Structure formats: C-alpha cells, structure tokens
Amino acid sequence: MRKKIVAGNWKMNKNAEQTEDLLNELIAQIPTESNAQVIVAPTFVNLASTVDHLEYTSISVAAQNMHQAESGAYTGEISADMLKSIGVDTVILGHSERRAIYHETDALIANKLDTALKHDMTVIFCFGEELKDRQSANHFNIVENQLRDGLFQIKAKDWENIILAYEPVWAIGTGETASPEQAQEMHEFIRETVRKTFGSDVAEDVSILYGGSVKPDNAKEIFSKPDVDGGLIGGAALNAKDFVSIVNAI
C-alpha cells in the first residue's frame, strides 16, 4: 500500500532562528498519528540543526538538491555522503527551478539519481510541463520523456526509494489554475507509464505527489483524487497554519 506524503520545500527561505520557530510550530501542531508522512526540506545551512530538532518527532528531513559526484573540486556543492553524515537520507531532485534556472538536464538528473540510490537515499523525483507544453497539447509527451530520460534507467528494486512529484509549471505563479481533475488525469497517466515499463506492483506502490500550488482551500479536493498521494508544497509550507491544514487534508 503506497504512502500518503506531504513534503514542504522551503527553497531559499528562513534563517536559523526562523527555521527553529517554524519547526517548533510544526511539532506542536502536526498530530503524532498523522495519516501522512510529513517531510520538510530547509536550506542546506539549516539541515543539520533541523535533523537534531526533529529527532524525536515523526517529521522527516530532506535536502533540496545534491551533486552527482562523490567529492571533488565542485565549489558550493553538497555530496550524498555529506547529507548522509548528518542524518539526511532523502533528497529532492529535478525540481522545476533547478531545471529552469540552473539548466539541469534529464541526463544530469539521472546521474544525480543514480548517485543518491547508490547511497541508499530516498529521492523525491520532480518533473512536469511548462505552459507552452500544455497549450500545445504536448504535456503528456514532455512528462513521459522526463520520466524515461531521467528516471527509467533504474531497476525495479530501486522503486522502493522513489517518490514521484508532478509539478505543472504552468500552474505555478502564471495566473493559470490546474483543476483537481487535471491533476488526476496526469497522475493516472504517470502511473500507467510506470506500469508499462515496470509492472503493476511498482506502479501501484509508488507515491505520486502533486506540486501545483497546493493550498489549504484546495488540498482536500486534490488529495481526494485516487492517483494523488499527497503534495510537494512550496509557499504554503512556510506558514505553519497553512502547512498543517494541508497535512490534515490527507
């Protein structure tokens, strides 16, 4: 049975004091017996303190990115071994901002993914089409290609360490709105695409999160769709009340 998951990607927000304050609010408000696995992804500089702060809670910690190399002359980068050494065993890869702003290709993301799996890390694998792709009715092709070129090199056994996160980039900060029905349509397509290559067991077990501007007022309807297993939350994750409301919507 696949997991229900709500992950908060804090991006480049919250200094050390603000991180501690938000964590304290989440600890106080998120039920210990929540129906969802809750993950937070603070900035690199606050990862170690966040792991310590959440040690005796049910909230997990993820990194927002990592480098594909084991070590070396890569100024400003972070390796899988470094993350593991501070107790972080989950990483977000392929986020739309990494693809768009830093021009990360499917091949590079696949390389990072292989490194993460080699270190027995869980990967939140992000993908999704842009507005021009949706408007030209090319969205299914884009998503399938991102999956095949960035992810489908793995073995069936590796899927126990994979969480999928569909991000319709066209529905984030564009004025366009993705309906719960559109989310379900794409999630169903994603699951079927996985099934065709890896079989029904893998397809039915993998959690597919939705990352298209989930907020307290739309979370319940989105999460009610049969192939939506939770959310990768951006802006709403920076506010404890909003994030807890989304967790409780599972």
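**Ground rules.** I number residues from 1 along each chain as its sequence is written, and side-chain values use heavy atoms, with hydrogens and water left out. Since this is a predicted model, local features need pLDDT of at least 70 and side-chain atom pairs count only at pLDDT 80 or more, while totals for chains, interfaces and linings use all residues.

**Entry: T115.** I found T115 in helix α5, residues 106–118 (a helix is a DSSP run of H or I, at least four residues, and a strand a run of E, at least two, numbered from the N terminus). T115 counts as buried because its relative accessible area is 8% (buried means under 20%, exposed over 50%, partly exposed in between, with a 1.4 Å probe and protein chains only). Leaving aside residues up to four places away in sequence, T115 touches M66, H67, Q68, E70 and A80 (contact means heavy atoms within 4.5 Å).

**Entry: M1.** I then looked up M1, which sits in the segment before β1 (5–9). Buried or exposed? M1 is exposed, because its relative accessibility is 97%. I also checked M1 against I92, 91 residues apart along the chain: their C-alpha atoms are separated by 22 Å.

**Entry: the largest pocket.** A pocket is an open set of points on a 1 Å grid over the protein atoms alone, where a 1.4 Å probe fits, with protein on both sides within 12 Å along at least five of seven lines; lining residues have an atom within 4 Å of a point. I noted a volume of about 430 Å³ for the largest pocket (the space filled by probe spheres set on the points, which are joined across faces, edges and corners). Of its 14 lining residues, K11, M12, Q64, R98 and Y102 are the closest to the centre. Helix α4 (residues 96–101) gives the most to this lining, with three residues.
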